Amino acid sequence: MASVAAAKTYRVNVAAAPVDRAAQVVDFKFPAEAKGFGFLKGASGPLVPVQVDGNGVARAVIPVQQAGEALVFTLVDGQPAAGMGVEVKQEKTQLAVSVGGLPALAYQMDKETLPRADIRPEYKRAGYLHPVYSPSGKIVTDDFRPRREHHHGIWSPWTKTSFQGRAPDFWNTHDKTGTVEFVGLDWTWSGPVHGGFVARHRMMDLSAPTPVAALHEVWEVTAYNVAGARVFDVLLTQVCATNDPLILPEYHYGGMGLRGSSEWLGRDKPAILTSDGVTDRVKAHTNKMRWLHIGGPVGGTLTGIAMLGHPGNFRAPQPVRVAEGEPFFCFAPSQGGDWKIEPGKPYVARYRYVVADGAPDQRRLEAFWNGYASAASVTVEELP
């Protein structure tokens, strides 16, 4: 059935940028009369799906925009095929996120679901991402690794802290002074362009006479439908749970961390690549960088994952902790000196993850960061 807007043409213009951009998420006000128009059609390339929210804001992912290139699209009739976008489903103790019908990542919600019987109670955790899959289906994260049972895929605890005169460690849960608890799932959504969820955690000070929450944390995770890669964002917001600040002394790790595949364990692997072109893990440690890629063979297939830090983050570009003999790194703002999270002043941090098979391409990864770092300028025209 033809749309009521069939007699009109809507053109969507994406202004030129001085740098290459990849997987660029663009938002624009969707024309009210364009109901049923589900794609952007450019001068070349495949149709680009459009997803419209309840407020009439449309979102699409532009695969590639070359430096200096202005893009022009036309809104066209039709809807993406069912099952070819991003789908979020609750499966027992986890949320499963798929893209194009294939698994992309999972979010763990039950600390009692364990991979082995020998894991001690203090290591039990929920509220993190694992497994994370490459487009070919290889798992690029690890969880409850022996002798590193406190590492959990993608997770975000603080290590050295001061709270109410005590020193809880939310990272090293085996010290039994702190932990992070999954509190609840607020909502999920699915769609042809993006899907995701919002969940709540709390960082618990177990060193107090009675355990007390030091921070409340919210994760908003958004996965995108991107050809040839798995791309997803984590937006985390932390607020004080009491009238006391969480003091974060200078320290070499703590914050948003990533534990890579068990097949990358060893001093001669995994391979890393930083936004400054550094491939030596010792030299990369403590450097400030826009992004860092970690990878290697998994099941005989070369694959990897990059974590991109948003330029609006505290102390961006943030320094990193890169383990010398472990497939692990984290963005660690505490390397920059003492700081604190104060009542009434939320700590907000944004990270994008790009998972792709094959060897890392520095130029392409930089384009992914450019596509994430700043919003595109988009205008919509109605033509006769």
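1. The model is predicted, so local features are taken only at pLDDT of at least 70 and side-chain atom pairs at pLDDT 80 or more, while totals for chains, interfaces and linings use all residues. Residues are numbered from 1 along each chain as its sequence is written, and side-chain values use heavy atoms, leaving out hydrogens and water.

2. Strand S23 (residues 301-309) is largely enclosed by the rest of the structure, because seven of its nine residues are buried, where buried means under 20% relative accessible area with a 1.4 Å probe and protein chains only. Strands here are DSSP runs of E with at least two residues, and helices are runs of H or I with at least four, numbered from the N terminus.

3. Strand S23 has two antiparallel partners to consider, and strands count as paired if DSSP finds at least two bridges between them. Strand S22 (residues 291-298) pairs with S23 over eight bridges, and Val298 stands opposite Thr301. The two strands form a hairpin with two residues between them, where Gly299 in the turn has a positive phi of about 60°. Seven bridges join S23 to strand S27 (residues 347-357), with Leu308 facing Arg352 as its bridge partner.

4. Cysteines deserve a brief remark: Cys240 is buried at a relative accessible area of 14%, and Cys330 is buried at 0%. The count of disulfides is zero, a disulfide being a pair of cysteine sulfur atoms within 2.5 Å.

Methods: Buried means under 20% relative accessible area, exposed over 50%, partly exposed in between (1.4 Å probe, protein chains only).
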